[in-house]
Amino acid sequence: MEYIKKRIRDIQDFPTKGILFKDLTTAFKDPRALHIIGWDLGQLYRDKGVTKVVGIESRGFVGGSILAFELGAGFVPCRKPGKLPADVITQTYEKEYGTDTIEIHKDAITEDDIVVIHDDVLATGGTMAAAYELIKSMNPKKIYVNFIIELTALGGRDRLPKDAEITSLISY
Ligand code: AMP
């Protein structure tokens with residue numbers, strides 16, 4: 001984990017003043033770090049029968065895809081408005097900086113699915129809470145929630161449902 005931590009870059013005041021941005025691009029561009037992240041994410045869910053990994057746009061697409069690949073599961077994008085071509089369901093929410101809306105294809109998840117929702121960073125939890133609501137409304141068998149980084153001081157866990165099973169590789 002130290003290998004990955006050393007490759008996460010801190011950017012002060014991005015995208016707005018007061019935010020300490022955890023930049024994972026410096027870890028993703030390092031072949032060994034990318035491999036370790038994929039493997040370690042996979043270890044968390046190896047025996048859980050996961051059928052779909054939902055990645056949240058856009059930074060959740062990288063970890064979500066490699067996790068899906070590790071598990072032999074499918075990948076489903078949860079995207080910003082107007083990006084998905086077929087029928088969608090939509091959720092609007094507050095985040096650390098501003099408000100946002102996410103969408104998912106109506107036919108992306110079925111009641112037979114066991115789902116991991118993945119994003120790169122848990123900050124205030126608004127994004128994941130919205131994604132969780134979207135996926136829950138599709139009635140899958142089970143929903144897990146996963147991040148590469150959790151910023152514990154921002155209390156994002158408290159914004160997620162009490163019964164949500166949450167894992168993260170690195171906590172600050
Ligand atoms: P939140 O809804 O506040 O939990 O914000 C999570 C989303 O915003 C994630 O998709 C992150 O990519 C991004 N994000 C928010 N705060 C940060 C931060 N301090 N460093 C890196 N990414 C962040």
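## A pair of strands to start

Let's begin with β8, which covers residues 142-150: this strand pairs with β9 in the parallel sense, over six bridges. Within this pairing, Ile149 sits opposite Ile170 of β9. Please keep in mind that the model is a predicted one.

## The whole sheet

Stepping back, β8 and β9 belong to an open sheet of five strands, arranged in the order β4-β3-β7-β8-β9 with parallel pairing. The edges are taken by β4 (74-78) and β9 (165-171); each has a single partner strand, so one side of each has no neighbour in the sheet. From one strand to the next, the twist averages 25°.

## Helices on the sheet

Two helices are worth a look here. Helix α3, made of residues 31-45, packs on the sheet and touches β7 (114-122), β8 and β9. The direction of α3 makes about 145° with that of β8.

Helix α4, residues 60-71, lies across β3 (52-56), β4, β7 and β8. Relative to β3, α4 runs at about 170°.

## A closer look at Thr26

Is Thr26 buried or exposed? Its relative accessibility is 14%, and because the cut-off for buried is under 20%, Thr26 counts as buried.

The side chain of Thr26 reaches the backbone oxygen of Asp23 at 3.1 Å. With neighbours within four places in sequence set aside, Thr26 is in contact with Arg7, Ile8 and Arg9.

Methods:
Residues numbered from 1 in each chain as written. Predicted model: local features only at pLDDT ≥ 70, side-chain atom pairs only at ≥ 80, totals over all residues. Heavy atoms only, no water. Pairing = 2+ DSSP bridges. Helix = DSSP H or I, 4+ residues; strand = E, 2+ residues; numbered from the N terminus. Axes fitted to C-alpha atoms, helices over the stretch in contact; angles between N-to-C directions. Contact = heavy atoms within 4.5 Å. Buried < 20%, exposed > 50% of the residue type's maximum accessible area, 1.4 Å probe, protein only. Polar contact = N/O pair within 3.5 Å; in protein donor to acceptor, adjacent residues only side chain to side chain.
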